[in-house]
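Here are some notes to read with the model open beside you.

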Amino acid sequence: MSIRAPRKGENYELSVDLNSEYRDKRKDAIKRVIASMTVGKDVSGLFPDVLKNMQTDDLEQKKLVYLYLMNYAKTQPELVILAVNTFVKDSEDPNPLVRALAIRTMGCLRAEKIIDYLCDPLQRALRDDNPYVRKTAALCVAKLYDLKPELVIENGFLDRLRDMISDSNPMVVANTVAALTDIHISATSNQPSDSTSDPAVFSITSTILNKLLIALNECSEWGRVAILNALARYDAQDDKESEHICERVVPQFQHVNGSVVLAAMKVIMIHIRNVRRDDLVKQLIRKMAPPLVTLLSSPPEVQWVALRNINLLLQKRSDLLSNEMRVFFCKYNDPLYVKIEKLDIMVRLASDSNVDALLSELKEYSSEVDVDFVRKSIKAIGQTAILIESAAERCVNVLLELINTRVSYVVQEAVVVMKDIFRKYPSTYEGVIPTLCANLEELDEPEAKTSLIWIIGEYADKIDNADELLGIFVDSFIEESYQVQLQTLTAVVKLFLKKPDSSQGVVQRVLNTATKDCDSPDVRDRAYIYWRLLSTDPGAAKAVVLAHRPPISIPRTTVSPALLEELLGEISSLASVYHKPAQTFVGHGRVGADSVQRIGLEISDAQKALQTVVAGQQAENLLDFGDDSAQDGQPSGLAATQILPSTPAAANFLSGTSTNPLDDLVSIFGGMETMETGAGSMSTALSPTTTSMSSPFEGFGESPALSSQPAQNAQPQEDLLGLF
């Protein structure tokens, strides 16, 4: 009976094949090693065996070995040194592909021990006769700078790169610009000011500008993007130079790659600021429209990026696509995120000449099955009405047609939109109010309810059964959301101020419920304020509650003008997609000296905030209507802040070492004797025995809510935060 030999592992079999005397078997073993590495298997143990196969004339095998080395160089830094001789030998190979491969691989290894051996081969590669080797070496300098900046400066690689901008090959120029730009960004990230004394700073001069413009039309698409990004950084000396740059960049609009088109847009938008000739500006704007329209035929993801950039461009140049609204009409198979961006752009492009086509399209969208898209479409109808006054009536008619469909979410969104139209055009479309009120039963969302309640309260004097309609919401007051409660409270007070005779019972009931049974402090506070206003001075209540409000408007830009200019300089990057500066979502992993300074500023801000709280708390209590002053001898205002930090809780709070900031705040303010005085005056102010409380409500008796709360309930020790 024969005994089977123990099975060896897969790595053992690969090791045997890697050391085989047959070339084909070794090459096949290397392919299997790379395949295992690609699927995530650990083949680092084969490092010495793979390393033996580096010295070969087979270019395919050499590439595979180099790929393996790049992947495992970090985990086997000691063994990488064994490959140095082969790298140096390959960097002098007659074949330019082998020379470039050796330089590229040495730059990608990122092992400290091999960096010093890279300098001499890199020097030769930067002066190589073959442009392919030179362009590969240019990028290798940027990688080396990321690892060891001082080595790049000492060996004069930066000076050599600057000389290579004059290279006869456009691809070498493009890679050189990309490398110098990366080094520039790395050098200036820690030093925000562009110091010309720093050799790593890439300053573009007029001479360099001309060389970049010459190379622009000859290099590959990614080379063009690198050059265009460099041109966007250039500060033109006069308007003639800006015009020259714009004229040379405009042909890039015809490129098939969307990234090149957007990079060219960025250069034009930056340099068009200095162009003085109006005819040239109009010509450039007119030439920007066709390539932007072409981008909309791209796949959805690219299309969305293009739409986000178009949105930004329209905020600066609203006439850019004024005649191209139809290309933004949504298609049936567009993803939701693309449709929403198109809606936003269509509203921006709306004008008297195209509003009918836009409303017809939006009405069609409102019958779609996608609920989110339908809501956005109805909201777009309202935005159009607010933006174009002459089209407001047509928009209202479309909304009424949508309300008559009796589809719940359509009706609710239409009610919300009508509220905004009433705010823009008060007392203009009152005829639609009965239709809105007739759909009260359809409303079940807080925002829709809030909108209808606002309309009823605002036009209470023109709605005969306003008290009945608001009574429905008063009956279910406790079950409603907080925003509905707040709006109901305000609407009922408006009703009382407009129809005091017929609405006393409703206002009494809602004030009782809000002050007695509601668990929201915001609702209770507002109810108390309204109650006090009505009980002391109804005239003042009218001035506050029924004050004239300016009509609403929709801003033409979603970002500030300064931020818009900054984002226009970041077109074709993530910043222009997010519509946020790059520093808000990039670089949070590093903590530099500026971050430490910012933390120090935050601590000083906490001290200022504490002083402000104390000063405001000592100066006035908005809910304390008594005339009692602080006790004699007690510091008030800013003087109190000199005593507060002496307490342990305040010291912890200010130093940032507090384990529970809320408890420390309670202990800081809760123990102050002046708070007890404020609490006493507050309990007196809210006492039902106050004569001024009952005077405005003579017609419907004493407040049951306040009479059921004796003054003894307002004890100072129960007020933990010292608010009253």
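1. Start with helix α12 (residues 170–189) and helix α14 (residues 221–233), whose axes come within 8 Å and cross at roughly 50°. Axes here are lines fitted to C-alpha atoms, for helices over the stretch in contact, with angles from 0 to 180 degrees between N-to-C directions. That makes α12 and α14 oblique to each other (under 35 degrees is roughly parallel, over 145 roughly antiparallel, 65 to 115 roughly perpendicular, and the rest oblique). On the α12 side, Ala174, Val177, Ala178 and His184 make the contact, meeting Gly223, Ala226, Ile227, Ala230 and Arg233 of α14; contact means heavy atoms within 4.5 Å. Sorted by class, that is six nonpolar, two polar and one charged residues (Ala, Val, Leu, Ile, Met, Phe, Trp, Tyr, Cys and Pro count as nonpolar, Asp, Glu, Lys and Arg as charged, and the others, Gly among them, as polar).

2. A word on what you're looking at: this is a predicted model, where local features need pLDDT of at least 70 and side-chain atom pairs pLDDT 80 or more, while totals for chains, interfaces and linings use all residues. Residues are numbered from 1 along each chain as its sequence is written, and side-chain values use heavy atoms, leaving out hydrogens and water.

3. Overall, the chain has 39 helices and zero strands (DSSP runs numbered from the N terminus: H or I of at least four residues for helices, E of at least two for strands). Of its 724 residues, 46% count as buried, meaning under 20% relative accessible area, with exposed over 50% and partly exposed in between (1.4 Å probe, protein chains only).

4. Which residues touch the most other members of the largest nonpolar core? They are Tyr68, Leu69, Leu212, Leu231 and Phe422, in a core of 207 residues. Helix α16 (residues 258–271) gives the most to this core, with ten residues. (A nonpolar core is a set of buried Ala, Val, Leu, Ile, Met, Phe, Trp, Tyr and Cys residues joined through side-chain atoms within 4.5 Å.) Beyond its neighbours within four places in sequence, Tyr68 has contacts including Val33, Ile34, Met37 and Phe47.

5. Have a look at Cys140 too, which sits in helix α9 (residues 131–147). Cys140 counts as buried because its relative accessibility is 2%. Not counting residues up to four places away in sequence, Cys140 touches Ile103, Gly107, Leu118 and Leu122. Thr105 is 35 residues from Cys140 in sequence, and their C-alpha atoms are 9.1 Å apart.
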